[in-house]
Amino acid sequence: MTIHKAQGVLVRPSTRAAGKERTRRHRGQRSAYLFLTPWMGGALLVTIGPMLASLILSFTNYNLLGTPQFIGAQNYVQMFTADPRFWHASFVTFEYVLIGVPLQLALALAIAMLLNRGLRGMSFYRSFYYLPSLLGSSVAVALLWRQIFGADGLVNQALGIFGLQHLPNWVADPTWSLGTLVALHVWAFGSPMVIFLAGLRQVPTELYEAASVDGAGAWRRFISITIPMISPVVFFNLILQMISAFQTFTQAYVVSGGTGGPVDSTLFFSLYLYQRAFTDFDMGYASAMAWVLLIVIGLFTWLAFATSRRWVFYEGERQ
Amino acid sequence: MTTIAHSAATASAVPLRSRSRHRSRRVVTHAVIIVTGLAMVYPLIWMVASSFKPEKLIFTEPGLWSSTWTLQNYVDGWNQIGLPFGLFLLNSLIISVACVIGNLFSCTLAAYAFARLRFRGSGTMFAFMLATIMLPFQVILVPQYIMFQTIGWTNTFLPLIVPKFLGVDAFFVFLMVQFIRGIPRQLDEAATVDGCGTIQIFWRVILPLMRPALAVTAVFTFIWTWNDFLTPLLYLTDQEKFTAPVALNAFIDSTGVTSYGPMFAMAILSLIPLFVVFLVAQRQLVQGIATTGLK
């Protein structure tokens, strides 16, 4: 560490010291704003400004040419009363979030517990399992997914070994296509797993030993010790994964070739929003959709926080 | 030493049967972990193997092994959508590196101010910064596009890079704030006594100590930017500006009937940088996730 050598600081009479203190604080304020300049610029130009703009645009009709026309709440009214695709996209997204997120977290927890047995090579295994979540949001893997779940893809070949025939083309079949994206989401369970693992390591082993002495079986120990002890981590993972699952775009776009097909079965909310904005150039409508998404995500997050008192236990709060 | 003595002691005390049961359980756990792990990465391994097979053998010899190996897919894929794939990789690299620099620059400055300096409105601004972590990008997508289009930045790298120089990734600002709060304040005070101003304290005291946080930020920024699809898809319209993911996506659009071999080959090329970062920075990645929940 390199710190400049001192010019000695003299002790001064108190009044002058106070004055100096004031100017120093003033200077401190100035340099604080100096440090914050890039961030404040970004907050204003790239975040707050566009946010307000999108709120205003959501009450207009605007196709990028000409000027936005104010049309009141018409976009919102149309969305909720006269746009079946909006409802469809909402349901697809809900289905994805409500199935994909719990499945992914369950698998992540299961593997984390498996890795938390004090085995040799744990850190190697951990990295190994983490790899898919690093690649899961890439276009390359989404393309691979199209093949794996295709008519003559890996999945059907594997099932063929067991003598199953007349298998569907999972990606092109509206019954299954959303399932393939859920599978992709679950496959990329690495990052919640690493977080779970960090949480599991904090659970004191004495608790398990005491419970075993009292005759608690493995399941009982899991329900009564593991789950309550790591509930803050479960909560954290849930919030994080939920928020990002609501915004899924890339995988749906690539696997369906940008259409959200077949028959809109993978028309995610973000994908429909993208289509309205950049295919139909319906900027007002897309902005209104974005605000609905913001409110829905906010609501779910609030719901999670509101119910968390009942099921999340923090170490410090226990009596 | 003590563990050996200990296990020897238990060995004599514990009946042989229970000991071997213990060991076999451990072997089973290892086996389960390895088999599950292999099943999980099998698709990736299969993609690598297939990229070296002649196109027509990919589906007729679906296992990992092939009767003939070839580099033809890489040759074909390289020029398949008109321009050499190396150009797209280069574009991705330029954008990713620029974004890393941008985030390191803007997030450290903001984080230092939030963590150490006192100023009016710091509480409000900090709360706002935290709130933007949860903000879905869709909310600012449309106006941002309109803004960048108005100033003529579409079809350039600027809309992808410039925001990073303005600290828009609040995640990292927060991560760094937390990190700086862990650095003892006595160091700042000592530097003040030695006559350092805030800027010097930042540059000479805080920044050198922040290396781990900087590494996490750099690694994740690189990976996220490299994987990002929506932003380049939106802003880059000329093929010569495409990033690797956008170019990969064009493989489907351009051919209609997808030729898997060349596509797999280029998909693998596009994953190699991620893989290298993963190998080099495993520790930062795992620590970064464990402490902050990044993806």
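Y96(A) and F268(A) are both buried in this structure, which is a predicted model. F235(A) and W311(A), by comparison, form an aromatic pair of edge-to-face geometry, with 5.8 Å from centre to centre and 70° between the planes. This pair links distant parts of the chain, since F235(A) belongs to helix 11 of chain A and W311(A) to helix 14 of chain A, 76 residues apart. The two partners fall into separate accessibility classes: F235(A) has a relative accessible area of 6% and is therefore buried, whereas W311(A), at 29% relative accessibility, counts as partly exposed.

Over all chains, the structure holds 51 aromatic pairs. Among them is the pair formed by Y96(A) and F268(A), whose ring centres lie 4.7 Å apart and whose planes stand at 80°, so that the arrangement is edge-to-face. Because Y96(A) is located in helix 3 of chain A and F268(A) in the loop between helix 12 and helix 13 of chain A, the pair ties together parts that are 172 residues apart in sequence. Ring pairs also link residues of both chains into a cluster, to which F249(A), Y253(A), Y274(A) and F278(A) contribute from chain A, and Y145(B), F148(B), W153(B), F229(B) and Y235(B) from chain B.

Two members of this cluster, Y274(A) and F278(A), are also among the buried residues of helix 13 of chain A. This helix spans residues 269-278, and ten of its ten residues are buried, so the element is largely enclosed by the rest of the structure. Within chain A, the buried residues of helix 13 pack against helix 3 (84-115), helix 11 (231-246), helix 12 (250-255) and helix 14 (283-311), while from chain B the packing partners are helix 7 (138-150) and helix 13 (230-235).

Helix 11 of chain A, one of these packing partners, also contains I243(A). With a relative accessible area of 10%, I243(A) falls under the 20% limit and is therefore buried. When its neighbours within four places in sequence are left aside, I243(A) is in contact with I297(A) and T301(A) and, across the chain boundary, with M134(B). The C-alpha atoms of I243(A) and P132(A), in turn, are separated by 20 Å, the two residues being 111 residues apart along the chain.

Considered as a pair, the chains bring 91 residues of chain A into contact with 97 residues of chain B. The area buried between chain A and chain B amounts to about 8400 Å², of which 76% is given by carbon and sulfur atoms. On the side of chain A that touches chain B, the largest share, 21 residues, comes from helix 1 (residues 14-57) of chain A. The residues on this side of chain A divide into 64 nonpolar, 21 polar and six charged. Across the interface of the two chains, the rule finds zero salt bridges, although twelve residue pairs in polar contact are found, both residues of each pair being at pLDDT 80 or more.

For chain A as a whole, the secondary structure comprises 14 helices and two strands. Of the 319 residues of this chain, 49% count as buried. Among the contacts in chain A with a separation of 6 or more, 69% are accounted for by residues 24 or more positions apart.

Note on methods:
Residues are numbered from 1 along each chain as its sequence is written. Chains are lettered from A and ligands numbered from 1 in the order in which they are written. This is a predicted model: local features need pLDDT of at least 70, side-chain atom pairs count only at pLDDT 80 or more; totals for chains, interfaces and linings use all residues. Side-chain values use heavy atoms; hydrogens and water are left out. Contact means heavy atoms within 4.5 Å. Buried area is the accessible area (1.4 Å probe) that two parts lose on being put together, summed over both. A salt bridge is a side-chain nitrogen of Lys or Arg within 4 Å of a carboxyl oxygen of Asp or Glu. A polar contact is a pair of N or O atoms within 3.5 Å; within protein, one must be able to donate a hydrogen and the other to accept it, and residues adjacent in sequence count only if both atoms are side-chain atoms. Helices (H or I, at least four residues) and strands (E, at least two) are DSSP runs, numbered from the N terminus. Ala, Val, Leu, Ile, Met, Phe, Trp, Tyr, Cys and Pro count as nonpolar, Asp, Glu, Lys and Arg as charged, and the others, Gly among them, as polar. Buried means under 20% relative accessible area, exposed over 50%, partly exposed in between (1.4 Å probe, protein chains only). Rings of Phe, Tyr and Trp (its six-membered ring) pair if their centres lie within 6.5 Å; planes under 30 degrees apart count as stacked, over 60 as edge-to-face and the rest as tilted.
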